[in-house]
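Visitor: I am new to this structure and would like to learn how to read it. Could we go through it one feature at a time?

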2 protein chains.
Amino acid sequence: MKLVVALGGNALVKPGQEGTSEQQFETTRQSVEAIVRMIEHGHEVVLTHGNGPQVGSLLLQQEISKEVTPPMPLDVCGAMSQGQVGYMIAQCMTAALHDRQLDKQVATVVTQVLVDEDDPAFEHPTKPVGPVYRHDDALRRIKEGYRMTQQKGGWRIVVPSPDPRSILESPVIKQLIEAGHIVVAVGGGGIPVVESGGGLRGVEAVIDKDLAAEELASEIEADGLLILTDVEAVYVNYGEDDQRMLGEVTLDEIEQLYHDGQFPPGSMGPKVLAAIRFLQNGGKTAIIASIDNAWEALQGNAGTRIVR
Amino acid sequence: MKLVVALGGNALVKPGQEGTSEQQFETTRQSVEAIVRMIEHGHEVVLTHGNGPQVGSLLLQQEISKEVTPPMPLDVCGAMSQGQVGYMIAQCMTAALHDRQLDKQVATVVTQVLVDEDDPAFEHPTKPVGPVYRHDDALRRIKEGYRMTQQKGGWRIVVPSPDPRSILESPVIKQLIEAGHIVVAVGGGGIPVVESGGGLRGVEAVIDKDLAAEELASEIEADGLLILTDVEAVYVNYGEDDQRMLGEVTLDEIEQLYHDGQFPPGSMGPKVLAAIRFLQNGGKTAIIASIDNAWEALQGNAGTRIVR
């Protein structure tokens with residue numbers, strides 16, 4: 001099967017970790033094991049990934065060092081994080097493939113994702129990014145044009161989270177996967193760009209990484225979309241006495257639950273929406289599972305599987 | 001012709017510029033014009049590029065922010081700079097291609113370059129990287145295991161500059177260019193890695209970007225290698241009364257001049273060596289010219305052209 005596997009942030013940096021280079025390589029090394037097993041069994045895999053800790057660190061560094069070296073904007077920091085994480089995944093995958101005597105190439109493709117300048121998300125920024133600011137620094141950033149939100153301990157910049165319209169590099173990614181390579185792409189939801197005077201322009205926004213993975217999966221006509229995260233599966237009535245884990249559900253069933261407001265916007269909502277869109281766009285199977293159970297979930301023995 | 005075009009640092013940040021994101025995009029926009037003209041005339045192009053200012057800025061940010069977020073090592077910063085510069089080039093190229101109604105994809109491939117752990121360069125670090133340190137900070141870094149060199153205004157870390165042995169992603173790059181895409185790869189000379197226990201491991205080193213471009217050009221069987229820099233051409237007796245610009249020279253002639261010590265190690269030496277190796281490895285033409293005259297040089301009307 002042609003699979004798009006969306007790795008959650010905890011596949012690269014474990015919660016509570018400081019996030020040193022050694023830790024990130026070590027966690028990545030563990031996370032790619034399940035992926036290599038899929039490849040060993042003949043699946044074609046494109047890997048997408050989050051970039052929260054990495055881009056957070058980069059944005060903090062831009063702010064701290066701004067008096068001595070020009071700070072790069074969010075789109076450029078996103079590109080940097082794709083280079084970083086793509087490199088780490090490619091290096092760990094190469095070793096794991098070599099261990100299993102699989103003669104495959106891993107290619108990381110820096111990915112831009114087209115968003116619509118008229119997306120209503122631009123009117124309502126919702127996604128906190130970068131460091132926590134004190135009150136006076138927050139005021140300065142507001143004067144620079146940023147929107148800020150108050151959080152525990154201070155203020156953070158919030159940016160829009162527009163819908164992905166088109167993955168600019170998807171023809172290249174499709175060609176590479178069909179040639180038998182493993183591709184790492186659409187890191188951190190992709191670098192958001194808008195059409196501008198015949199060209200493109202990066203924007204200060206963050207595209208949801210699972211929705212971007214879905215857009216890629218649909219564009220390259222993948223058979224399956226695996227969304228790997230830190231919870232075991234999708235639940236209904238989550239956190240209540242009668243919470244129930246979803247095993248296999250149909251598209252109709254999960255659409256109903258989604259419209260009933262079962263899945264909160266900040267966490268499971270976009271993952272379920274990505275699964276729904278993938279099946280609506282012609283995909284066969286969408287799976288939401290924990291990274292630890294990725295292989296079992298692909299076999300139908302763990303996680304939530306959404307089918308037609 | 002299948003061309004590898006190696007862009008020098010000044011193709012991305014002009015000398016004397018602070019290096020803001022806007023400046024880097026603007027300079028890159030100008031630099032890709034000549035490349036798009038080549039593509040318009042039917043040439044297949046892989047672009048490589050330097051990363052001096054970008055990785056310098058990243059290393060400075062790692063150092064300044066090290067108390068609040070874990071600093072990333074040189075190999076990871078190199079990967080970040082590939083993401084950054086690759087994104088900028090891809091975005092500028094896409095606009096320029098669109099202007100000329102050329103329906104081409106631009107793909108940036110994060111690139112690892114294998115070096116030999118026994119390369120004598122590891123015994124003799126020569127390449128200064130990152131910020132300038134004061135005496136006491138330099139002592140601290142020496143205790144951390146770095147070698148330092150004294151320069152105007154302070155101390156800098158020096159790292160080895162080993163020879164590129166193999167471009168790990170070259171099969172993918174070759175496939176993409178042969179499919180008609182434009183590829184950006186081997187940024188900053190590539191991320192240097194060594195073989196380590198069946199896998200790979202990044203090392204604190206910087207591969208010369210022109211030698212890495214040559215290795216790529218040979219591996220993908222390019223017809224031409226264009227090394228674009230800030231000087232017009234290669235000179236003999238450079239800076240002396242009888243200095244002479246080289247137009248078209250044969251491999252034999254330039255090998256003789258190279259062995260006579262005409263080209264200094266830090267500047268023109270590696271460029272000429274890259275040209276020599278390319279022809280020795282079966283390449284047809286190597287050109288060393290200024291970025292402003294790239295198109296004229298390809299026509300044989302500027303720069304230095306090395307032929308068999």
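Guide: Start with one residue: B:K2 sits in strand β1 of chain B, which covers residues 2–7. Keep in mind that the model is a predicted one.

Visitor: Is B:K2 buried or exposed?

Guide: The relative accessible area of B:K2 is 10%. Buried means under 20%, so B:K2 counts as buried.

Visitor: Which residues does B:K2 touch, apart from those up to four places away in sequence?

Guide: The list is B:E44, B:K174, B:I177, B:E178, B:I220, B:E221, B:A222, B:D223 and B:G224.

Visitor: How many residues apart in sequence are A:P192 and A:I227, and how many Å apart in space?

Guide: They are 35 residues apart in sequence, and their C-alpha atoms are 21 Å apart.

Visitor: Next, aromatic rings. What describes a pair of them?

Guide: Two values do: the distance of the ring centres and the angle of the planes. Over all chains, this structure has four aromatic pairs. In one of them, A:F25 and A:Y87, the centres are 5.8 Å apart and the planes stand at 90°, so the pair is edge-to-face.

Visitor: Where in chain A do A:F25 and A:Y87 lie?

Guide: A:F25 is in helix α1 (residues 21–40) and A:Y87 in helix α3 (residues 74–99), so the pair ties together parts of chain A that are 62 residues apart in sequence. Both A:F25 and A:Y87 are buried. For a tilted pair, look at B:Y235 and B:Y238: their centres are 5.4 Å apart, with 50° between the planes. B:Y238 has 56% relative accessibility and counts as exposed.

Visitor: How many salt bridges does the structure hold over all chains?

Guide: There are 38. One of them joins the side chains of A:D163 and A:R277, at 2.9 Å from N to O. A:D163 is in the loop between β7 (154–159) and β8 (166–167) of chain A, while A:R277 is in helix α8 (residues 268–280) of chain A, so the bridge ties together parts that are 114 residues apart in sequence.

Visitor: What would be a case in chain B?

Guide: B:E33 and B:R100 meet through their side chains in a salt bridge, 2.5 Å from N to O. Here B:E33 belongs to helix α1 (residues 21–40) of chain B and B:R100 to the loop between α3 (74–99) and β3 (106–110) of chain B, so parts 67 residues apart in sequence are tied together. B:E33 is partly exposed at 33% relative accessible area, and B:R100 is partly exposed at 26%.

Visitor: How far apart are the closest N and O atoms of B:R201 and B:E117?

Guide: The distance is 2.7 Å, and the two form a salt bridge. B:R201 lies in strand β11 (residues 199–202) of chain B and B:E117 in the loop between β4 (112–114) and β5 (127–133) of chain B, 84 residues apart. B:R201 is partly exposed, at 35% relative accessible area, as is B:E117, at 45%.

Visitor: Which residues of chain A are linked in a network of salt bridges?

Guide: A network of this kind links A:E63, A:K66, A:R134, A:D136, A:D137, A:R140, A:R141 and A:E144.

Visitor: Last, the interface. How is its size often given?

Guide: Often as the accessible area lost when the parts come together. Between chain A and chain B the buried area is about 4100 Å², with 63% of it from carbon and sulfur atoms. Chain A brings 53 residues to the contact and chain B brings 53 residues.

Technical notes
Residues numbered from 1 in each chain as written. Chains lettered and ligands numbered in written order. Predicted model: local features only at pLDDT ≥ 70, side-chain atom pairs only at ≥ 80, totals over all residues. Heavy atoms only, no water. Phe/Tyr/Trp six-rings, centres within 6.5 Å; stacked < 30°, edge-to-face > 60°. Helix = DSSP H or I, 4+ residues; strand = E, 2+ residues; numbered from the N terminus. Buried < 20%, exposed > 50% of the residue type's maximum accessible area, 1.4 Å probe, protein only. Contact = heavy atoms within 4.5 Å. Buried area = accessible area lost by both parts, 1.4 Å probe. Salt bridge = Lys/Arg side-chain N within 4 Å of Asp/Glu carboxyl O.
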